[in-house]
There are 2 protein chains.
Amino acid sequence: MLIVQKFGGTSVGDLDRIQNVANRVSETVKKGNDVVVVVSAMSGETNKLVGYAEHFSKNPARAEMDMLLSAGERVTASLLSIALQEMGHDAIAMTGRKAGIITDLHHTKARIEEINPQKMQDAIKEGKIVVVAGFQGVNEHGDVTTLGRGGSDLSAVAIAGALKADLCEIYTDVSGIFTTDPRIEPKAKKLDKISYDEMLELASLGAKVLQNRSVEMAKKLNVNLVTRTSFSDEEGTLITKEENIMEAPLVSGIALDRNQARISLMGVVDRPGIASDIFNRLAEAEVNVDMIIQNVAHDGATNIDFTVPVGDLHDAKRIVDTFIQSGEIKDDSYNEDICKVSVVGVGMRSHAGVAAKAFSTMAAENININMISTSEIKVSMVIDEKYAELAVRSLHNTYKLDQ
Amino acid sequence: MLIVQKFGGTSVGDLDRIQNVANRVSETVKKGNDVVVVVSAMSGETNKLVGYAEHFSKNPARAEMDMLLSAGERVTASLLSIALQEMGHDAIAMTGRKAGIITDLHHTKARIEEINPQKMQDAIKEGKIVVVAGFQGVNEHGDVTTLGRGGSDLSAVAIAGALKADLCEIYTDVSGIFTTDPRIEPKAKKLDKISYDEMLELASLGAKVLQNRSVEMAKKLNVNLVTRTSFSDEEGTLITKEENIMEAPLVSGIALDRNQARISLMGVVDRPGIASDIFNRLAEAEVNVDMIIQNVAHDGATNIDFTVPVGDLHDAKRIVDTFIQSGEIKDDSYNEDICKVSVVGVGMRSHAGVAAKAFSTMAAENININMISTSEIKVSMVIDEKYAELAVRSLHNTYKLDQ
């Protein structure tokens, strides 16, 4: 098999851990596999460099930041390659440039446009372990770019896609994807397999494990993604296409997102295009609007409720204020003490009643549902934050996820 | 003027010092100059990375070392560019690759083959300050290489040559080139100007300031080199071609090299080619032979004395031993308690009697001269190490270097 293994900052956090990673790669090779390793910077290193830059400027130039930040992954890749060579393996360290990772021109959050895997393929043919500095690529001007948050995961998935690897293993300090957060529901179970779409919906649950960008790319490139821990031999969770999961359960997991705030707009003037105006302005300010509810208008005015991440609340308020000043919105109110509980499962597509079951579970616990939104494979409910744990545990029990 | 300014590890040793460097560059620009800055890694950074590599291997692969070590200069260059931008300057950080520094294939001690200065020239035309990561280049395979010890100085000189810069300033923690080591002779004076050839001969005196490789390149490319300190506004020493120095003094300086050992070979069989055999074998083992004295043969045997750096003594002994075992050398002896004192000055070319004056100075102090070697602009004498300081001070006085 050809396996891409990606190790994050915690997994390469010090020299001993880099040696552990070398041991794990070595074992994988000894089992007869070809391995491409993608590494992050040693944990703390990127933050240190960002701190250096911020010493000089609150808003450092992005091209310079990319040249600065890309240094961390180069260090780890070189060291891991040296460690593997010392163990008797033929290894070669590659920068993002050498690995052929071509990006667009957006410094500090570049998008991968293309991978030219020739040099990696040549090295693999020569029996070499390829160790790639993650998080970085090169743009058409030949300048180093970085891929933003979760960038090393993206490097790994894109490389796995370009090389048509059998597996792309993402090593973190978490052992896989769980039916829900085990800190809330100790009966939560690790999933063996989950579909790309479910993983995307469980994002808020799995955010610390995998970014949606990586899962989306894995789905697009049809990469079998495994998320597992580098601190034990425990098997992880395979994220793959739905057809590869023989018997998908009705519900795969319960996700909780505490990072939401609700904005209520009262007395919104009922003219055509007003909602479009409001939400376009929010989009321009890069406010991430999630759920939206609009009532039917009464007396020439309507109410609109929507949720945004807590971090975007300040920007959202600023924009809402301009509409209040122009008289198009009468009043507003904000609530940060809410959360979003979601039931996720591809089985919902073919089975009715999943949503109804969720609503009656809430009712049985006397939890009031503020907002509801559904997709083909998800039911999300906004509730008061104080009920968060109770709701998660009740739903976990309702769908028998501990079995 | 177009000025290349190079700042070593101590000058960029922490964030405050990088800010100081930015201030100095800014002042140079405000005086109406175009500036290209070449920076080393922050002091300690390269050693830290070497230590990391040695944790994994005593003999790490050189390509990996280059990828590892080149990270340090990239960090400094990015940070300095950010600092300059924050001060309102238009600055751009460049890796060795972007600056167009093309080297041969020798990882960890590559030689610069060519500079393609187009991107630097374009940036200068746009009014930008160019900040280049020193010590690094790129080979014909597109892989990062490093230039070995003193590599950032080489980068600066090569860039100054390629850009036909008016001046190449090398900033260190030393304020210039002195007539001799001020720790030995407090009356030593800083030289305003010195020729390339004198600087090369004074290497042992100036080793901590400038490596011969850089001076040789400056001579070849006709680069006006200034060595000065980054910790004050004190003027430094200009190293330039002889024609630029109107009235060269008879003697420019007294150099002391304590790092020499003397090897005496007794009863060397007098056959044609024996000396060639011995010194070829030493050269193959990369032993740096400096002075050689061979007596006229008596009774089919001769004596040969030579000096080597103390660090090469072990290797030299090993080779001499093989000749003793084969019977071609009868006996050997070693002396590490010697030193080499040199009188250097281009004025010697046109003035007789400089060497004679040196010998009579030694005689007046009752210092026995073990070996003598002379060049057009230098007289070197090997003496017992205990007389080192006395010899330096006496010669300094003889040639009135304190005036």
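Residues are numbered from 1 along each chain as its sequence is written, and chains are lettered from A in the order in which they are written. In this predicted model, local features need pLDDT of at least 70, side-chain atom pairs count only at pLDDT 80 or more, and totals for chains, interfaces and linings use all residues, while side-chain values use heavy atoms, with hydrogens and water left out.

**View 1. Two chains related by a turn.** Chain A can be laid on chain B by a turn of 180 degrees and a shift of 0.0 Å along the axis, with an RMSD of 0.1 Å (a least-squares superposition on the C-alpha atoms of residues with pLDDT of at least 70 in both copies). The copies are thus related as by a two-fold rotation axis. To find that axis from chain A, look for A:Ala71: of the residues of this chain, its C-alpha comes closest, at 2.5 Å.

**View 2. Where chain A meets chain B.** Here 44 residues of chain A are in contact with 44 residues of chain B, contact meaning heavy atoms within 4.5 Å. The copies meet through the same surface, because 100% of the interface residues of chain A are also interface residues in chain B. About 3,300 Å² is buried between the chains, and carbon and sulfur atoms give 65% of that area (buried area is the accessible area, with a 1.4 Å probe, that two parts lose on being put together, summed over both). On the chain A side, A:Phe56, A:Glu64 and A:Met67 lose the most area to chain B, together 24% of what that side buries.

View 3. You will find B:Ser70 in helix H3 (residues 62–86) of chain B; helices (H or I, at least four residues) and strands (E, at least two) are DSSP runs, numbered from the N terminus. B:Ser70 counts as buried, at 0% relative accessibility (buried is under 20% relative accessible area, exposed over 50%, partly exposed in between, with a 1.4 Å probe and protein chains only). The side chain of B:Ser70 reaches the backbone oxygen of B:Met67 at 3.2 Å. Leaving aside neighbours within four places in sequence, B:Ser70 is in contact with A:Arg74, B:Gln136, B:Val144 and B:Thr146.

View 4. Rings of Phe, Tyr and Trp (its six-membered ring) pair if their centres lie within 6.5 Å; planes under 30 degrees apart count as stacked, over 60 as edge-to-face and the rest as tilted. By this rule there are four aromatic pairs over all chains. One of them joins A:Phe279 and A:Phe306 edge-to-face, 5.2 Å centre to centre with 75 degrees between the planes. A:Phe279 lies in helix H9 (residues 274–284) and A:Phe306 in strand E16 (residues 301–309) of chain A, so the pair ties together parts that are 27 residues apart in sequence. Both A:Phe279 and A:Phe306 are buried. In chain B, B:Phe279 and B:Phe306 also form an edge-to-face pair, 5.2 Å centre to centre with 80 degrees between the planes. Both B:Phe279 and B:Phe306 are buried.

**View 5. A lysine over a tyrosine ring.** The charged end of A:Lys317 sits over the ring of A:Tyr334, 4.8 Å from its centre (NZ of Lys or CZ of Arg must be within 6 Å of the ring centre and within 35 degrees of the ring normal). In chain B, the charged end of B:Lys317 sits over the ring of B:Tyr334, 4.9 Å from its centre.

Key
Polar contact = N/O pair within 3.5 Å; in protein donor to acceptor, adjacent residues only side chain to side chain.
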